[in-house]
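Thanks, everyone. Let me put the structure up, and then we'll go through some aromatic pairs and a bit of strand pairing.

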Amino acid sequence: MTEVNTPETSNRFDEAFDRIKKSTGMRTQVEIAKLLDIRQSSISDAKRRQSIPDSWLIKLYQIYNLNPNWIIDGETPQFLGEQRGGALQVREGGDAYGRKPKHYQMPVSAMSAPDQGQDGWKENVVETVTVPEQFHRPALTVVRMDENDMEPLIARGAYVGIDKERRTIRSGALYALDMPVEGLVIKRLLHETESGRFILRSENPAYTDQALAAETAVERVIGRVVWIFQEI
């Protein structure tokens, strides 16, 4: 029996593919193909079949913890387990085996550019924030977002947790970088295999992409974004 593609099935595939693009920060089929380590023609094949391959769903879960059911049908939750590269909703658990959960008072630093003559971005404490135990880690730095270039994913005024021990770049994830003139910036890093560059992408489409040589990007990475606290 020949499978007939109806407008409804076509719309479902396109909607699923749009969810993949929006949740990963990718904008083109070329970028999605690189992320999934597939040929671009594989995307055309999947669109013709009107089916998201299981291998894509597994890869997206491994990298971003994206819920396969959310990708296919929009069924919540969007993430399974720890959300990677996105905003976290904090839920306080009950006492574990009679132990009261700990909280840590963490200093919050500004993201502004360093003072003239200062060698690179330094942690300049402007306030403190209480962090639940499950989001604390030894090399944690917390900053307050002071621009709108990562909206709607990260709103201005959000608290962003950065793990300074996680400096190995994984294409598609969010990182904090120390940039000349700008200070600390948060961007999604995308690796361009052909050029050997990293693209620094904002979530806000009003901002243009930036590009850095791979070795320069590695040197400028402060750490990986591991959580975001903000009002929704």
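Start with Trp 56. In this predicted model, Trp 56 has 3% relative accessibility, so Trp 56 counts as buried. The cut-off for buried is under 20%. Phe 17 comes in at 8% relative accessibility, so Phe 17 is buried as well.

Now, the pairs. The count is five aromatic pairs. Phe 17 and Trp 56 are one of them: ring centres 6.4 Å apart, planes at 55 degrees, so this pair is tilted. Where do the two residues sit? Phe 17 is in helix H1, residues 7–24, and Trp 56 is in helix H4, residues 54–64.

Next pair. Both Phe 135 and Trp 227 are buried. Their rings are 6.4 Å centre to centre, with 55 degrees between the planes, and the pair is tilted. Phe 135 lies in the loop between strands S2 and S3, and Trp 227 lies in strand S9, so the pair ties together parts 92 residues apart in sequence.

On to strand S3, residues 140–144. Is it covered or open? Mostly covered: four of its five residues are buried. S3 runs parallel to strand S1, residues 103–109, and two bridges join them. With strand S4, residues 159–163, S3 pairs in the antiparallel sense over five bridges.

Look at Val 142 in S3. Val 142 is the bridge partner of Val 108. In S4, the bridge partner of Val 142 is Gly 161.

Terms used. Residues numbered from 1 in each chain as written. Predicted model: local features only at pLDDT ≥ 70, side-chain atom pairs only at ≥ 80, totals over all residues. Heavy atoms only, no water. Buried < 20%, exposed > 50% of the residue type's maximum accessible area, 1.4 Å probe, protein only. Pairing = 2+ DSSP bridges. Phe/Tyr/Trp six-rings, centres within 6.5 Å; stacked < 30°, edge-to-face > 60°.
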